[in-house]
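The chain is shown first.

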Amino acid sequence: MATQYQNYKSDFVLRESFVDITGKAVPLPTDIDFTLRYWTQHGREYVASRQGGVYTNCTPEGGDLLVFFKAHNLCEGELHHELHLQLDNPAFEGGVQNVFYPADLHILLWDKPSSTDKQGSALVADYTRGNAFTYDDFTPEQIEQLQRPAQEAADRYDKAMAEYDTKASEQVARIEKSATELEGLVGKFGSESAELVATMNSTTDEARKAVEAAEQRTAAAVKAATDAAAEAQAAKQRADEAAQRAATAQNAAATAAQEAATATRQAQTATDAASTAKREADAAAQAARSAAGDATSNAQEARTAAQEARTAISTLEQVTNDGRSIAERAEAAATAATEAKKAADTATAAANKAKADADTAAAAARKAKQDADTATAAAIAAAQRAEAATQATEQQRAILEALIERAQHVTAGVPTGMEVESPATVTMGNPVKQYVRGRVLPTSALQNVLYLSDGRAVDVLPDGEIVPKAAGTSRVHVIPTDGTRFYKTIQVETVAPRIRTAGSTMRLDAQGNIRLT
């Protein structure tokens, strides 16, 4: 079927035509509710339906159905649809059989112009199939013929059960032996697991202790480094203060030295003045002695000379006092310089001690870092040992799980045969689903069965449902996956619908409808 193209933004109309299983066009029924769901991507869909005779987003036209896609909000992509029919069938609870038919429409929604204004598709109209069979539809001969496979199957089942009892006894013995082996392996695994758990616990304790010791040493090192840093800071502060005091003392000593030099110069000047005054006094005394003879004439000069001598003596005393004061200040300045030097020496010693303390703290910090690195390495080694123990435990766990799986497989049961139930014939158009049923024996064994059909007259779905395709006979293989040697091959015949008769008279149902096979 050629692909049709439709612009995905545009509104459009889709004509749905209905055909029977042979491809023949049939009119749209007026008494069956349905739902048509359309989508290009899951999660965004458009629905047209008829429920209780009310049409939504669609309308009948002749034997077809026109679906109106108005503001459909569908995305670009291939358009898919699914037909949901609600068929009247008393075989189902509520008298309604829900049937779904998904299909691709070969319509591509895209962003380019549409290839045609009218889109169309054809749906299989399963409502055209015949009514379901009832027990009254079969003659005693047909019932006997239908029951014959079941009776033969029952006979085969009795024989298989007898064989199963024998093989089951053997299987039980093998299972008991496997269980004994499994118990031994479980006990061995339990002891090995206990040893591994003990090793893991020991390794974990060592790792925890190593980490705790490393944390303690690290905390002590940090505290020592912190204390050393504080002591170094205090020593630095004391050294700074001592340096300031030394600088002050040096300034004071310099000032005192300057004052001492000044005082020395002043004392020298006073000494010179005293020497001059003494010489002048000596000269005056000499003059007085010279003028003693002439007391009267030189009396005034003598008094004057005496006065000058007293003045010179007074000046000499003043200079002597000033020299003494200057000497005292010089001695005080020297004492201050000595104290300043002592303070400088003390500050230097404190600075040296602070440096030694800082070096000790740095060494302690380096030792703490080495201890922390050692503890970290020990913790890593412990974690590696724990990881190795965990891996060993996981390996043992994998071995145990494999043993458990093997034991489950052994205890699940080994197939000893298989039963197959299937209708000999199916009718085209019959809405009642027919199945091939394969059952593995014993019933405790895994019930995994494959159905393989040649596909000429029928197909068989994975669940055993028979899908008629054309009139004829198909061969179907029923194969148990855990015991393929017990496979069964059956034949299923597909026949066209036929009017059922009673002798030469057509058989009708209670409503007067023609009965079909």
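## Cysteines, cores and a sheet

The structure holds zero disulfides. It is a predicted model.

| Residue | Relative accessible area | Class |
|---|---|---|
| Cysteine 58 | 7% | buried |
| Cysteine 75 | 14% | buried |

Both count as buried because the values, 7% for cysteine 58 and 14% for cysteine 75, fall under the 20% cut-off.

In soluble globular proteins, nonpolar side chains tend to be buried together. The largest nonpolar core in this model has 24 residues. Leu14, Phe34, Leu36, Tyr38, Leu65, Val67 and Phe69 are the members with the most contacts inside this core. Two or more core residues come from each of β2 (12–19), β3 (34–41), β4 (44–51), β7 (64–69), β8 (77–88) and β9 (96–110).

Leaving aside residues up to four places away in sequence, tyrosine 38 touches Leu14, Val67, Phe69, Leu74, Leu79 and Leu105, among others. Its contacts also include Glu16, Arg44, Glu45, Tyr46, His80 and His81.

Three strands make up an open sheet with antiparallel pairing, in the order β13-β17-β16. The edge positions belong to β13 (434–435) and β16 (458–460); each has a single partner strand, so one side of each is left without a neighbour in the sheet. β16 and β17 (residues 465–468) run antiparallel and are joined by three bridges. In one of the pairings, valine 458 has proline 468 of β17 as its bridge partner.

Conventions
Residues numbered from 1 in each chain as written. Predicted model: local features only at pLDDT ≥ 70, side-chain atom pairs only at ≥ 80, totals over all residues. Heavy atoms only, no water. Disulfide = S-S within 2.5 Å. Buried < 20%, exposed > 50% of the residue type's maximum accessible area, 1.4 Å probe, protein only. Core = buried A, V, L, I, M, F, W, Y, C linked by side-chain atoms within 4.5 Å. Helix = DSSP H or I, 4+ residues; strand = E, 2+ residues; numbered from the N terminus. Contact = heavy atoms within 4.5 Å. Pairing = 2+ DSSP bridges.
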